[in-house]
Amino acid sequence: MSLETCLALEHIAISSRRLGITAEEFELGRRDLRRRLRLRLRLRLRSRSRSRSRSRSQLYFAAFRLASETDLVLTMPERYALAVNVHFDNQLLPFPFVRPEYGHCLYWPANPMPTRQINGCASYCSRRIRASSSEADAGSREENATNQ
């Protein structure tokens, strides 16, 4: 699909942000381009990691179904699209330009923190990273099992 065709279509946007633009709008804006948003769905992330992945999956599934029943298009991560499309017969196309990967940074205060506070932060971050990587591994295993 050409970029011109993509921008001419009406889109469903999914974002976890209350306000502001999605990552796609940000990248299009850097090129002085805009897409036509018809519907914006907000992903409400819960505090527990299992709830987050379940909420995200359910919202993407609902948006995918909506796209299959209307003339709206949806931009979503490829791994979700491949997993969800098992239940549908949607045409999956790459986004018309490559979106750069965003790095993740960990910010620390400029003022020194007490050792126990640093250890607590490090322990918390370590647990969250392990949890998110095990969720990603589990998602990859589920996708591989579904695709076989």
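Hi everyone! Let's start with a term: a salt bridge is a side-chain nitrogen of Lys or Arg within 4 Å of a carboxyl oxygen of Asp or Glu. Counted that way, there are seven salt bridges here. In general, side chains of opposite charge can pair when their charged atoms come close.

Before going on, some ground rules. This is a predicted model, where local features need pLDDT of at least 70 and side-chain atom pairs count only at pLDDT 80 or more, while totals for chains, interfaces and linings use all residues. Residues are numbered from 1 along each chain as its sequence is written, and side-chain values use heavy atoms, leaving out hydrogens and water.

Now look at E10. E10 sits in strand β1 (residues 10-15) and R36 in strand β2 (residues 36-42), 26 residues apart; strands here are DSSP runs of E with at least two residues, helices are runs of H or I with at least four, and both are numbered from the N terminus.

E10 also meets R38, at 2.9 Å from N to O. R38 lies in strand β2 too, so this pair ties together parts 28 residues apart in sequence.

Finally, E27 and R30 form a salt bridge at 3.5 Å. They are three residues apart in helix α2 (residues 23-30), about one helical turn. Is E27 buried or exposed? E27 is buried, at 0% relative accessible area, whereas R30 is exposed, at 54%. Buried means under 20%, exposed over 50%, and partly exposed in between, with a 1.4 Å probe and protein chains only.
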